[in-house]
Amino acid sequence: MTSPKARLVWSTPPLLVAVGWVATAGAATWAIFNDDTAGRVLVGLAALVAALLALQGTLARPRLAADSNGLVLRRFASKRQWTWAEVNVRLVRTRRLGREVSTLELDAEDDLVVLGWLDLGVAPEDVADALRELRT
């Protein structure tokens, strides 16, 4: 009898999420205490975007989890779960701005989810290798 395979999880790095919250606080403070109206609007919008990204990184933890049964993907306010038979996992390499970028694609039913290093906290190649091992 073989032992069940472990549950693996991937998330945005906690330090990056913390930097997002610090950037939000700094930008919001600057926007509140600055006299330049146009600057306040622009920095206020930047603070809002930073807050939404930091909130995503805070709430969607772990971003991706996998075990021998399948995958679980956390989104901003929801969670999706697929068995291995329902999802196709592939590593996609594209050339952007003069360098090769890898992403992990989860193709399931009507969903196509694209995850990069910021979502996973590690290189998508490493996640694809771990998922291939789990799936077999």
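**Exercise 1. Identify the residues of α2 that are buried in this predicted model, and name an element that covers them.**

Solution. Buried means under 20% relative accessible area. In α2, this applies to G39, A47, A50, A51, A54 and G57. The cover over these buried residues includes α1.

**Exercise 2. Determine whether the end-to-end distance of α2 agrees with its number of residues.**

Solution. The helix α2 runs over 37-59 and holds 23 residues. The expected span is 1.5 Å times one less than the number of residues, so α2 should span 33 Å. Its end C-alpha atoms lie 32 Å apart, which agrees.

**Exercise 3. Describe the largest pocket by its volume, its lining and the helices that contribute to the lining.**

Solution. The largest pocket holds about 330 Å³ of space. It is lined by 13 residues, of which T12, L16, L53, A54 and L118 are the closest to its centre. Next, assign the lining to elements: α1 (14-33), α2 (37-59) and α3 (117-120) each supply at least two residues. The largest share, five residues, comes from α2.

**Exercise 4. Locate S11, classify S11 as buried or exposed, and list its contacts.**

Solution. S11 lies in the loop between β1 (8-10) and α1. Its relative accessibility is 16%, so S11 counts as buried. The side chain of S11 reaches the backbone nitrogen of R63 at 3.3 Å. Leaving aside residues up to four places away in sequence, S11 touches R61, P62, R63, D119, L120 and G121.

Note on methods
Residues numbered from 1 in each chain as written. Predicted model: local features only at pLDDT ≥ 70, side-chain atom pairs only at ≥ 80, totals over all residues. Heavy atoms only, no water. 1 Å grid on protein atoms, 1.4 Å probe; cavity = no way out; pocket = protein on both sides within 12 Å on 5 of 7 lines; lining within 4 Å. Points joined across faces, edges and corners; volume = space filled by probe spheres on them. Helix = DSSP H or I, 4+ residues; strand = E, 2+ residues; numbered from the N terminus. Buried < 20%, exposed > 50% of the residue type's maximum accessible area, 1.4 Å probe, protein only. Polar contact = N/O pair within 3.5 Å; in protein donor to acceptor, adjacent residues only side chain to side chain. Contact = heavy atoms within 4.5 Å.
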